[in-house]
Amino acid sequence: MPLEELAAELSAGALVTDRDVITTYSKDWALFSHVGRAAALVRAASVEDVQATLRFATAHRIPVVPQGARTGLSGAANAVDGCLLLTVARMNRILEVNTVEQTCTVQPGVINQDLKEALKQHGLAYPPDPGSVAISSIGGNVATNAGGLCCVKYGVTRDYVRNLTVVLADGQITRVGRPTQKGVAGLELSQLFIGSEGTLGVIVEITLELIPALPDPITAIALFPEAADAASTVCDFMATGARPSMLEYLDGPSMDMINDYGDFGLPTGMGAMLLVQSNGDGSLEAATQEMGAFSRVADACNAAEVVFSEDPADSELLVAARRAVGPAGEKFANAHGGGELIDDVCIPRARMREFFTRLDELRAAYPQVIISNAGHAGDGNMHPCVFFDERDETTTALAQEAFDAIMALGLELGGTITGEHGVGYLKKEWLARELDPVTRAMHLKIKDALDPLGILNPGKMLGAL
């Protein structure tokens with residue numbers, strides 16, 4: 001591969017051939033996902049670097065794996081053999097905040113939390129807030145259609161993308177979406193790239209729609225001896241027409257792991273906890289009424305206790321505890337053999353009680369592993385985690401079986417194999433099971449139209465269709 005030819009077209013220092021550095025960039029956080037041997041790494045500093053890389057890759061028929069912060073959980077950013085890793089993490093500037101249009105334009109490497117902080121001075125907010133908000137990039141969030149804790153009221157990344165600038169497989173650049181708040185001129189092609197995991201093009205600029213700064217919420221927790229009663233509470237509360245700004249779920253094992261990880265003081269000995277917030281769209285009275293409705297529903301569904309707080313410090317601590325699920329699980333895994341598989345099924349709220357019951361059955365069927373569960377209860381997006389001793393082949397195989405059984409359960413209950421983490425390597429076989437034959441064919445036709453040589457992130461999301 002004539003890498004000198006590529007280096008001549010790139011910014012100084014953009015091309016990296018050091019094997020140790022390439023290895024560092026060769027995977028995201030997913031387990032059970034193949035990691036190939038990349039030929040080189042391009043740390044793009046500009047749109048021109050991205051275009052040059054893709055022109056070179058097309059000319060020489062070389063696969064390209066686009067990357068952001070590599071915080072994904074499905075192996076979508078993992079290297080494939082002989083590929084160029086193309087990271088846009090260095091393209092991390094906020095280009096414009098337009099207070100009249102209530103939009104911002106950013107490069108893909110901007111960290112989600114950094115954007116949120118920058119918008120505060122303008123009295124604006126960007127709601128999507130994945131659990132990795134402090135370390136994941138906007139480009140990666142768009143590529144996976146990331147969600148998070150506020151989705152139940154404010155929606156996911158897709159709901160805030162106005163337009164995208166994308167470099168296609170052959171190096172051509174285009175802008176897709178709409179320039180104004182309203183617009184129906186042609187097909188909404190931007191939607192193809194949101195959630196496409198780098199298989200259709202490389203996103204190099206994003207214009208996001210914003211909303212006025214979010215008001216402070218009232219926070220409540222409800223504790224349940226049985227997880228199924230927490231599920232009933234979610235269903236009955238949402239059926240009242242409630243619009244909480246957050247409605248999160250933690251089961252007993254998750255709370256124990258969080259308490260072991262940090263000084264959060266979560267209750268022990270309970271089957272489940274619901275964390276709910278209401279901001280009343282800025283009305284304290286409306287928020288109070290909504291929390292009152294939640295309390296009544298929780299009491300009717302056998303809650304052991306419901307506790308409220310208007311203190312922002314309490315809210316911050318409880319949300320921090322919920323966000324600690326990831327690192328707490330990592331600590332637990334490291335102390336129990338190192339294995340952790342994080343699932344991401346999304347199911348209809350009405351089937352959540354059955355999901356929790358069936359999850360208990362899976363725990364009984366797989367006593368060799370530990371299964372915890374947390375998630376975004378308000379929109380039915382659950383994140384069961386399977387912990388196991390990765391040093392033991394038998395236990396590792398059983399963990400994979402349990403993981404697959406959870407995905408099968410999600411589909412059986414009318415849900416999807418991924419609510420926000422994406423497909424990548426980890427779930428590509430399952431994507432083929434979820435999509436019907438006509439839909440699978442449509443996916444492949446779109447892929448062929450935009451990437452006829454198949455060089456963009458091959459063998460992953462669309463690899464089993």
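1. Let's start with R358: its relative accessibility is 23%, so R358 counts as partly exposed (buried means under 20% relative accessible area, exposed over 50%, and partly exposed in between, with a 1.4 Å probe and protein chains only). Keep in mind that this is a predicted model, where local features need pLDDT of at least 70 and side-chain atom pairs count only at pLDDT 80 or more, while totals for chains, interfaces and linings use all residues. Residues are numbered from 1 along each chain as its sequence is written, and side-chain values use heavy atoms, with hydrogens and water left out.

2. What does R358 pair with? The side chain of R358 meets that of E412 in a salt bridge, 2.9 Å from N to O (a salt bridge is a side-chain nitrogen of Lys or Arg within 4 Å of a carboxyl oxygen of Asp or Glu). R358 lies in helix α13 and E412 in helix α14, so the pair ties together parts that are 54 residues apart in sequence. Helices here are DSSP runs (H or I, at least four residues), as are strands (E, at least two), numbered from the N terminus. E412 counts as exposed because its relative accessibility is 51%.

3. Now have a look at D343 and K427. They form a salt bridge too, with the closest N and O atoms 3.0 Å apart. D343 sits in the loop between β16 (338–342) and α13 (352–365) and K427 in the loop between α14 (393–412) and α15, so this pair links parts that are 84 residues apart in sequence. Buried or exposed, what is D343? D343 is buried, with a relative accessible area of 0%, and K427 is buried as well, at 2%.

4. One more pair to find on your screen: R391 and D389 form a salt bridge, their closest N and O atoms being 2.8 Å apart. R391 counts as exposed at 66% relative accessibility, whereas D389 is partly exposed at 23%. There is also a network, in which salt bridges that share partners join E101, R162, R178, E188 and E209. How many salt bridges does the rule give? The count comes to 20.

5. On to the second largest pocket, which has a volume of about 550 Å³. On a 1 Å grid over the protein atoms alone, a pocket is an open set of points where a 1.4 Å probe fits, with protein on both sides within 12 Å along at least five of seven lines; lining residues have an atom within 4 Å of a point. This pocket is lined by 28 residues, and R158, I194, G195, H443 and M461 lie nearest its centre. The elements giving two or more residues to the lining are α7 (190–193), α15 (428–434) and α16 (437–450). Which element gives the most? That is α16, with four residues.

6. Finally, the surface. L187, L189 and L192 make a nonpolar patch of about 290 Å² (patch residues have over 30% relative accessible area and no salt bridge, and nonpolar side chains are joined within 5 Å). L187 is in the loop between β9 (173–177) and α7, and L187 counts as exposed, at 74% relative accessibility. Another loop residue is A134, between β7 (124–125) and α5 (138–144). A134 is exposed, with a relative accessible area of 52%.

Note on methods:
Points joined across faces, edges and corners; volume = space filled by probe spheres on them. Patch = residues over 30% accessible without salt bridge, like charges linked within 9 Å, V, L, I, M, F, W, Y side chains within 5 Å. Areas by Shrake-Rupley, 256 points an atom, 1.4 Å probe, with all protein chains shown as cover.
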